Amino acid sequence: MGRTTATKASKSEAADKVAAMHEEVAAGVTALVEDGRWMAMLKMQARFRSYSLGNLLLIMKQCPSATQVAGFRAWQGLGRQVRKGEKSIGILAPMTFAPKGDDEKGEKSTGEKATESGRPVRKVRGWRRVSVFDVAQTDGDALPQMASGVIEGEAPAGLWDALAAQVKAHGYVLERGDTGPTEGWTDPKTRAVRIGGHAVDAQAVAVLAHELGHIECGHLDEGAPTYATCRGRCEVEAESVAYVVATAHGIDCRTASFGYVAGWAGGDVAVVVRTAAETVTKAARRILAALDGTGDDETPAEPAPAAATS
């Protein structure tokens, strides 16, 4: 009886610690978003466009040394001015229009069609040349920089292997290798979790905890639409789980985790993070209990085929 009571007390204390660490995420992310540097970074990212492969090739051909390109006005919005006489880099931009179509009654509509998000459906009817400039062609305010998201240091001995064992227990094969622009990904179709080969020690462990977080939070469950329709929520939950697991083992990942969560949360980040509390704390408790060998009352989520996650 005494042993059972002690076990329940221990699990209760563990649950309280997990909840407290999750609250640290909410507080930390809120403070980060309120920081002027973060807002400046978001403003800068909004100014820079994502370019197609064709435009990237055009940029490379005209200015092989280019690192960050934006339009004349976009640079001005960031407090920088294109120097007089600088030659622009030409890329292609689509010319779009909102077609008229039949409404539900088969009658011609006069307004723009809208997607489920409420945005008008637009079609491309041609292309035009637009001018952009590389940052090296501009002068002015320094671009905002955030602290590095790389997690430094060594991970506790055996933590990688213990997390790997949990991944394998879910029926996944763990791989190290090329992961493209992401640090890692999980593909339920091939039942594989891959961690970037460039990530070392504490960084690799944190990424592995993130991918395990996706699995434990049920993002890969059959019929679960969350990842397809709520990518931000899934990333917030998985990274929050990774933060709890890493922090519980002495790995300082505040800079990396808070920035990642803030980037995916959008809107009222504190509300988004706290809404995820129940899912995050249950998943984190299962992982930590397995690491400690104490077991947990919660049954792990069983993953099933879905879209690959990162």
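What is the handedness of the crossing of α6 and α8? The crossing is right-handed. The legends below refer to a predicted model.

**View 1. Packing of helix α6 against helix α8.** The axes of α6 and α8 are 8 Å apart, and the two helices pack at an angle of about 130°. That angle makes α6 oblique to α8, since an angle over 145 degrees would be needed for roughly antiparallel and one of 65 to 115 for roughly perpendicular. Helix α6 covers residues 201–216, and helix α8 covers residues 231–248. In this pair α6 and α8 cross in the right-handed sense.

**View 2. Helix α6 from end to end.** Asp201 belongs to α6 and has a relative accessibility of 36%, so it counts as partly exposed. Asp201 is not a glycine, yet its phi is positive, at about 45°. After the helix comes Gly218, which also has a positive phi, near 85°.

**View 3. The side chains of His214, Glu235 and Tyr260.** His214 is part of helix α6, while Glu235 sits in helix α8. Their side chains are joined by a polar contact of 3.5 Å. The side chain of Glu235 makes a further polar contact, of 2.6 Å, with the side chain of Tyr260. His214 has a relative accessible area of 0% and is therefore buried. Glu235 is likewise buried, its relative accessible area being 0%.

**View 4. Helix α5 beside helix α6.** Helix α5 (residues 159–169) packs on α6 at an angle of about 20°, and the axes are 10 Å apart. The two helices are therefore roughly parallel to each other, the cut-off for that description being under 35 degrees. The crossing in which α5 passes α6 is left-handed.

**View 5. Helix α8 beside helix α11.** Helix α11 (residues 277–292) packs against α8 with an angle of about 40° and an axis separation of 9 Å. This makes α8 oblique to α11, because roughly parallel would require an angle under 35 degrees. The crossing of α8 and α11 is right-handed.

**View 6. The loop between α8 and α9, at Gly250.** Gly250 lies in the loop that links α8 and α9. Its relative accessibility is 66%, so Gly250 counts as exposed. The C-alpha atom of Gly250 is separated by 8.2 Å from that of Ala155, although the two residues are 95 residues apart along the chain.

**View 7. Helix α9 and the residue after it.** Helix α9 is made of 12 residues, 254–265, and at 1.5 Å a residue it should span 16 Å; the C-alpha atoms at its ends are 16 Å apart, which agrees. The buried residues of α9 are Ala256, Ser257, Phe258, Gly259, Val261, Ala262 and Ala265. Just beyond α9, Gly266 adopts a positive phi of about 65°.

**View 8. Arg191 in the loop between β7 and β8.** The strands on either side of this loop are β7 (184–187) and β8 (192–196). Arg191 has a positive phi, near 55°, and is a residue other than glycine. With 23% relative accessibility, Arg191 counts as partly exposed, because the range for buried ends under 20%.

**View 9. Cysteines.** How many disulfides does a search of the whole structure find? The search finds 0 disulfides. Cys217 is in no disulfide: the nearest cysteine sulfur belongs to Cys234 and is 8.2 Å away, whereas a disulfide requires the sulfur atoms to be within 2.5 Å. Cys217 has a relative accessibility of 14% and so counts as buried. Cys63 is buried as well, with a relative accessible area of 16%.

Note on methods:
Residues numbered from 1 in each chain as written. Predicted model: local features only at pLDDT ≥ 70, side-chain atom pairs only at ≥ 80, totals over all residues. Heavy atoms only, no water. Helix = DSSP H or I, 4+ residues; strand = E, 2+ residues; numbered from the N terminus. Expected span 1.5 Å × (residues − 1). Buried < 20%, exposed > 50% of the residue type's maximum accessible area, 1.4 Å probe, protein only. Polar contact = N/O pair within 3.5 Å; in protein donor to acceptor, adjacent residues only side chain to side chain. Axes fitted to C-alpha atoms, helices over the stretch in contact; angles between N-to-C directions. Left-handed = near helix turned anticlockwise from the far one by under 90°.
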